Amino acid sequence: SDIAAIYPNYEYSDSMATAKPTHKADIVDGTFGFDGAGIEVAILEDSRIEFNNPYLITGTTRVPGDPNVDQHATATAGMVASQHSTLQGIAQGALLFSANGTSYSSANISAAMDWSASTQGNDVINNSWGGNDGVTTLNVHDMHLDYIVRHVYPTVTVAAGNEGTGSGRVSSPARAFNVISV
C-alpha cells in the first residue's frame, strides 16, 4: 500500500490558561510575589502592539502613528503581560514597550533594536521574527544583538525558527551567540 500512516485531525489553540502553571510562573507570582513588576519588556516586531486591547496596560511605542498594527505583536505582548483574570501573561506586572520597526527592512529593525536597548534601556527585548534559515553564517542582526547583549546588557529572546518547514536550521537572529533562542 502507498499509505504509510493516517493521522487524526487535531484542533490546536493557544494555551494561555495553562502556560503560567506549566512554567511554574504561578508559583513565582503567588508564593514569592514576583509578577514582573518593574521589568521593562520590549516586543520587537515590524508592527506595533495594539494597546487598545482591554487586557494590556498602555505602554510606550517607538513609532506611535505607525498604521502597521497586527495580531502577532499584540498576542506576543499578551503572552508576556496580559491582565486577563484567567489568561494572565507570564509576567503580568511587566511594563510593555512596542519596539515597532514599521517594516522588516534591516535599517528599520536595527533602529528598533537600538531604541529598545539604548534609548529606552529595556530589561528584556523579545524578537518573534526571523529569516535566512537556509544560511549558516551570522547576519547583521545576529551580530547586532550580540553587541547589544555584550555592551548594553539586556536579556534578549529570539524565535529559533519562524520559517515553517524550511531547512530545519535555526534562523537569524536566533543564531547570535548571546541571545536566548526559543
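Here is a short chat about this predicted model, going from the whole chain down to single residues.

User: Before we start, what pLDDT do local features need here?

Analyst: Residues are numbered from 1 along each chain as its sequence is written, and side-chain values use heavy atoms, with hydrogens and water left out. Since this is a predicted model, side-chain atom pairs count only at pLDDT 80 or more, totals for chains, interfaces and linings use all residues, and local features need pLDDT of at least 70.

User: How many helices and strands does the protein chain have?

Analyst: Helices (H or I, at least four residues) and strands (E, at least two) are DSSP runs, numbered from the N terminus. Starting at that end, the elements go α-α-β-β-α-β-α-β-α-β-β. The tally is five helices and six strands.

User: What is the radius of gyration of the protein chain?

Analyst: The C-alpha atoms fill a box of roughly 60 × 40 × 35 Å, taken along the principal axes. The radius of gyration is taken over C-alpha atoms, and the globule rule is 2.2 Å times the number of residues to the power 0.38. For 182 residues that rule gives 16 Å, and the chain's value is close to it, so the chain is as compact as a globular protein of that length, with a radius of gyration of 18 Å.

User: What share of the 182 residues is buried?

Analyst: Buried means under 20% relative accessible area, exposed over 50%, and partly exposed in between (1.4 Å probe, protein chains only). By that cut-off, the buried share of the protein chain is 40%.

User: What separates the C-alpha atoms of Val124 and Val41?

Analyst: Val124 lies in strand E4 (residues 124–127). Leaving aside neighbours within four places in sequence, Val124 is in contact (heavy atoms within 4.5 Å) with Ile39, Glu40, Val41, Ala42 and Thr155. Val124 and Val41 are 83 residues apart along the chain, yet their C-alpha atoms are separated by 4.7 Å.

User: Is Phe51 buried or exposed?

Analyst: Phe51 sits in the loop between E1 and strand E2 (60–61). Not counting residues up to four places away in sequence, Phe51 touches several residues, including Leu56, Thr61, Leu96 and Ser98. With a relative accessible area of 10%, Phe51 is buried.

User: And Thr74, is that one buried or exposed?

Analyst: Thr74 is part of helix H3 (residues 71–81). Setting aside residues up to four places away in sequence, Thr74 touches Arg48, Ile49, Glu50, Asn53 and Leu56. At 11% relative accessibility, Thr74 counts as buried.

User: How far apart are the C-alpha atoms of Gln92 and Val80?

Analyst: You'll find Gln92 in the loop between H3 and E3, and at 10% relative accessibility Gln92 counts as buried. Among the residues Gln92 touches, beyond four places away in sequence, are Lys20, Asp29 and Val80. Gln92 and Val80 are twelve residues apart along the chain, and their C-alpha atoms are separated by 6.4 Å.

User: Tyr153 has a positive phi although it is not a glycine; what is its value?

Analyst: Tyr153 belongs to the loop between H5 and E5. Its relative accessible area is 67%, so Tyr153 is exposed. The phi of Tyr153 is about 80 degrees.

User: Is the peptide bond from Ser172 to Pro173 cis or trans?

Analyst: Pro173 lies in the loop between E5 and strand E6 (180–181). Omega for the bond from Ser172 to Pro173 is near 5 degrees, and the bond is cis.
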